[in-house]
Structures are given as C-alpha cells and as structure tokens.
Amino acid sequence: MDVTAQPRMTSGEGPIPAPVRRAEPTIWRNPHRRDAASVLAASAFSEADMRGAEARWRRFAPLLAALFDGTDEGRIDSPLLPVGPDLARTLRGGAPGSVWVKADHDLPVTGCIKARGGVYEVLAYAETLAGAAGLLRPGLSYAAFASGPFRELFARHTIAVGSTGNLGFSVGVMGRALGFQVEVHMSHDAKAWKKQRLRELGARVVEHPGDYGLAVATARDAFRDRADAHFVDDEDSVDLFLGYAAAALDLQRQLASAGIAVDGAHPLFVYLPCGVGGAPGGVAFGLTLLFGDAVRPVFVEPVAAPCMLVQLAAGLDRPVSVYEAGLDNRTAADGLAVASASLLVARTVGPLIDAVVTVPDADLFHWLKALWTGAGMRLEPSAASGFAALSRFLAAGMPAEAGSATHVVWTTGGAHLPDAEFAAALAQA
Ligand SMILES: Cc1ncc(COP(=O)(O)O)c(C=O)c1O
C-alpha cells in the first residue's frame with residue numbers, strides 16, 4: 001500500500017465535500033476555526049472546571065492506588081514517548097518536526113483513553129452519592145470508598161452506559177470495583193471479546209442489533225427516571241468531557257519535562273482518534289485552555305464514519321449523521337464506528353479544531369503493524385489511526401510551519417487486546 005499517496009485536501013467547498021461522501025481519504029482544514037481566546041470566552045466551560053476535575057482525580061488517588069496495580073501513586077496517566085528515528089523518518093517522509101506518542105494504549109487500569117472519562121464519571125457519581133449519604137467526613141482518605149459502608153451504598157445503585165466497548169469497560173472496571181451494579185448497552189459492531197471481559201467483571205451486557213447511537217439512545221430512555229441509577233451519556237456528559245480535559249495537564253507536565261516549547265513559533269499538532277468526540281474533544285479543549293492558539297488539534301476518523309467532519313461541515317444547528325452523507329459507518333476501527341457526533345462536543349470544540357483527517361481501514365492495519373514491528377506498541381485499529389493521519393497530513397505538505405512543530409500522536413487503546421485479536425489484526429496488514 002502506498003501510504004504516502006496524496007490525499008484530497010478540502011475546505012469550505014460546500015457543506016460536505018464530495019470526496020468525503022465518496023469515502024475517500026480527505027484532509028479537511030476546518031474553515032470554521034476561530035481564535036482560542038474568543039471561543040474560550042464564550043464557552044460554558046473554563047479552566048476552573050478543568051482544574052476542578054484534576055482536583056477530583058487527586059482526591060481519589062489514594063483509592064485508585066489501593067485498588068489497581070500500575071497507577072503512578074493513583075494517577076491514571078501514560079508516558080509521552082519519543083518516536084525512534086527510523087519510524088519517524090517513515091512517518092515524516094522527510095518533513096521536519098519531532099514526533100511523540102502519548103501512550104494511552106497502555107493507560108493503567110483499562111489500556112484505553114476512555115478511562116479518563118469513564119473512570120472519572122464513576123468517581124464523580126460515587127462522590128455525589130457518598131456526600132448525600134453523609135459519608136464524607138472532613139479529612140477522610142478516599143481509600144475508604146472501597147470499604148464497607150460505601151460499598152453497601154453503591155451496591156444499591158446501578159450505573160448504565162451505551163458503548164462501542166471501551167467506555168463500557170472503563171465504567172465497568174471502576175463501577176464493579178466500588179460495588180455498583182453495572183449495565184452496558186452495546187452496538188452490533190462491539191467486539192465479542194469486549195463483551196466477554198465485561199461479563200467477567202460482573203457487568204450486565206445488553207446487546208443491540210443496531211449501531212452505537214441506537215444503543216446509547218435505548219439505554220438513555222431506560223434509565224431516564226431511575227433515582228437509583230446513573231446513566232453515563234457518551235453523547236452528552238459534562239463529567240466525561242472534563243475527565244478527558246484533565247489529560248491536558250498531564251501532557252503539559254510531560255512536554256515541560258522533555259524541554260518541548262509550545263508557543264506561537266512552536267505549534268503543537270495533536271492527532272486524536274475521534275468516535276463520538278468526547279475523548280478528543282475534551283483533550284483538545286483542555287490543551288487549548290493551556291496553550292491557546294499554539295495547539296492545533298487534528299481529529300482522525302475512518303472514511304466510513306467521519307461523524308465530526310460531517311457535523312462541522314454541515315453546521316451546528318441540527319444533528320447530521322454520516323448516513324445522510326451516504327456513508328455506511330462500517331469500519332474495523334470499532335471504537336470510532338459512530339454515525340453521529342456529540343453535539344455538546346461539536347459546539348464546544350468545533351471552532352478549535354484545526355483539521356479532520358479521514359483514513360481508510362487499510363491504513364489502520366498498515367500502521368498497527370508498523371508500530372508493532374518498529375516500536376513494540378500494541379495498538380487496536382482505532383488507535384493506529386493517528387499515525388495514518390500524521391503520515392497523510394505531512395505527505396500533503398501540512399502544516400506550513402512544520403519545521404518548528406511538535407507532533408503528538410495519541411494512541412488511544414490496545415494494550416489489553418487478546419493475543420488472537422492482535423494476531424488477526426496484524427495479519428490484515
Ligand atoms: C480506542 C479508542 N480510541 C478513540 C476513541 C474515541 O473516543 P470518543 O468516542 O470519545 O470520540 C474510542 C472510543 O470508544 C476508542 O475506543
């Protein structure tokens with residue numbers, strides 16, 4: 001496969017560009033991008049919200065450290081890894097700039113970026129319940145959340161979620177560890193092994209014949225008036241969004257300790273695989289709070305499921321799905337198989353996105369194998385999409401200021417892939 005072939009480049013040529021409708025790889029420079037200061041000034045969310053989320057993560061650090069192996073003193077974060085010279089050369093094809101990997105494929109506890117939102121929202125709900133029950137004494141160590149009275153309280157409550165797999169797992173792991181009942185509604189394209197590992201945790205898995213959007217909508221309706229339950233709404237949750245946003249503080253710390261400058265003269269391009277948009281949207285929002293216009297979020301979507309591109313191109317007045325653009329939402333990137341983007345995210349983050357790059361499934365398998373053989377990284381197809389996008393972006397001569405840029409590819413999942421699944425993915429390259 002010729003991964004350096006020039007993709008089509010479009011912006012503002014009509015609501016949904018023709019190559020996107022034809023499921024051709026496309027680089028869409030966002031014609032609606034605006035300056036960070038004006039977008040942030042009008043936003044419903046602020047830096048205080050992101051720092052509030054970080055403070056909650058810190059309150060729960062003793063609990064996370066006690067419950068799970070591999071957290072750095074209760075911090076659910078991943079390393080920022082340099083890409084070796086050979087791989088960097090292949091990726092950049094001679095283009096300048098440095099390439100790093102934000103290794104969420106190896107995130108402690110779940111091996112997936114969705115933990116940043118899903119675990120966070122379970123903790124937020126647990127804290128709310130504990131507060132209402134009078135269990136939060138001053139000076140309490142949150143390690144107590146795993147103990148008797150807390151668990152008895154949580155066991156009387158259900159947490160439900162609709163998911164393509166990884167959000168459900170994140171909610172399932174955290175929810176079950178605290179003793180909640182957990183119910184995960186999954187789409188037809190959710191992988192069997194992802195359903196199985198949820199059942200092994202003691203979660204109830206409800207399978208839907210339709211797509212992810214239908215699974216979410218059905219679960220939302222079922223839990224609408226349940227006082228004893230909480231629905232984690234992947235399409236519309238502020239807690240998920242802020243949990244993801246706090247990741248920006250982790251990356252900021254790591255960039256500083258690696259001596260990487262981010263400013264007007266040194267832009268930071270971040271390649272973020274996008275499903276419904278919550279994870280990439282939250283991260284992009286948090287990074288913009290910290291770095292302003294110097295951060296250039298590039299969202300990455302499968303050619304068959306470019307829901308964020310379609311939504312942003314068509315405008316934010318009403319939901320627009322990839323089906324309306326004549327696409328079928330069928331992709332090997334199960335985590336990105338989403339037909340309609342979150343409107344909350346599209347409206348909050350849309351004007352901050354620099355570009356959306358769409359990639360064919362063949363690219364995902366190509367890069368999945370390249371990252372395994374070249375760097376020993378075990379990625380799932382969704383998580384390899386950032387490399388496919390970076391390679392196409394640079395091959396097309398993007399960005400103009402590449403010489404001084406840092407590129408961060410966010411690898412969003414994969415370490416927990418079963419051997420047979422991983423071998424099958426490698427065989428498709
Ligand atoms: C591995 C992986 N990467 C990226 C994403 C995208 O996250 P979001 O759906 O919040 O856009 C998902 C979603 O499940 C995922 O599983």
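**Close-up views of a predicted model**

The lining of the largest pocket is made up of 7 nonpolar, 1 polar and 5 charged residues. The structure shown in every view is a predicted model.

**View 1. The largest pocket and the residues around its centre.**
The pocket has a volume of about 160 Å³. Its lining consists of 13 residues. Those nearest the centre are Lys-191, Ala-332, Pro-381, Glu-421 and Ala-425. Two helices, α9 (192–201) and α18 (419–427), each contribute at least two residues to the lining. Helix α18 gives the largest share, with 3 residues. Empty space of this kind is found by rolling a probe the size of a water molecule over the atoms.

**View 2. Ser-187 in the loop between β6 and α9.**
Strand β6 covers residues 181–186, and Ser-187 lies in the loop between this strand and α9. Ser-187 has a relative accessible area of 1%. Buried means under 20%, so Ser-187 is buried. Leaving aside neighbours within four places in sequence, Ser-187 is in contact with Ser-163, Thr-164, Lys-195, His-208, Gly-210, Asp-211, Tyr-212 and Ala-215.

**View 3. The crossing of helices α6 and α7.**
Helix α6 spans residues 114–132 and helix α7 spans residues 148–155. Their axes come within 10 Å and cross at roughly 105 degrees. Angles of 65 to 115 degrees count as roughly perpendicular, and α6 and α7 are therefore roughly perpendicular to each other. On the α6 side, the contact is made by Ala-126, Leu-129 and Ala-130. On the α7 side, Phe-150, Leu-153 and Phe-154 take part. By class, this contact has 6 nonpolar residues, with no polar and no charged ones.

**View 4. The C-alpha atoms of Leu-240 and Ala-279.**
Leu-240 and Ala-279 are 39 residues apart along the chain. In the model, a distance of 7.9 Å separates their C-alpha atoms.

Terms used: Residues are numbered from 1 along each chain as its sequence is written. This is a predicted model: local features need pLDDT of at least 70, side-chain atom pairs count only at pLDDT 80 or more; totals for chains, interfaces and linings use all residues. Side-chain values use heavy atoms; hydrogens and water are left out. Axes are lines fitted to C-alpha atoms, for helices over the stretch in contact, and angles run from 0 to 180 degrees between N-to-C directions. Helices (H or I, at least four residues) and strands (E, at least two) are DSSP runs, numbered from the N terminus. Angles under 35 degrees count as roughly parallel, over 145 as roughly antiparallel, 65 to 115 as roughly perpendicular and the rest as oblique. Contact means heavy atoms within 4.5 Å. Ala, Val, Leu, Ile, Met, Phe, Trp, Tyr, Cys and Pro count as nonpolar, Asp, Glu, Lys and Arg as charged, and the others, Gly among them, as polar. On a 1 Å grid over the protein atoms alone, a cavity is a set of points where a 1.4 Å probe fits but cannot get out, and a pocket is an open set with protein on both sides within 12 Å along at least five of seven lines; lining residues have an atom within 4 Å of a point. Grid points are joined across faces, edges and corners, and a volume is the space filled by probe spheres set on the points. Buried means under 20% relative accessible area, exposed over 50%, partly exposed in between (1.4 Å probe, protein chains only).
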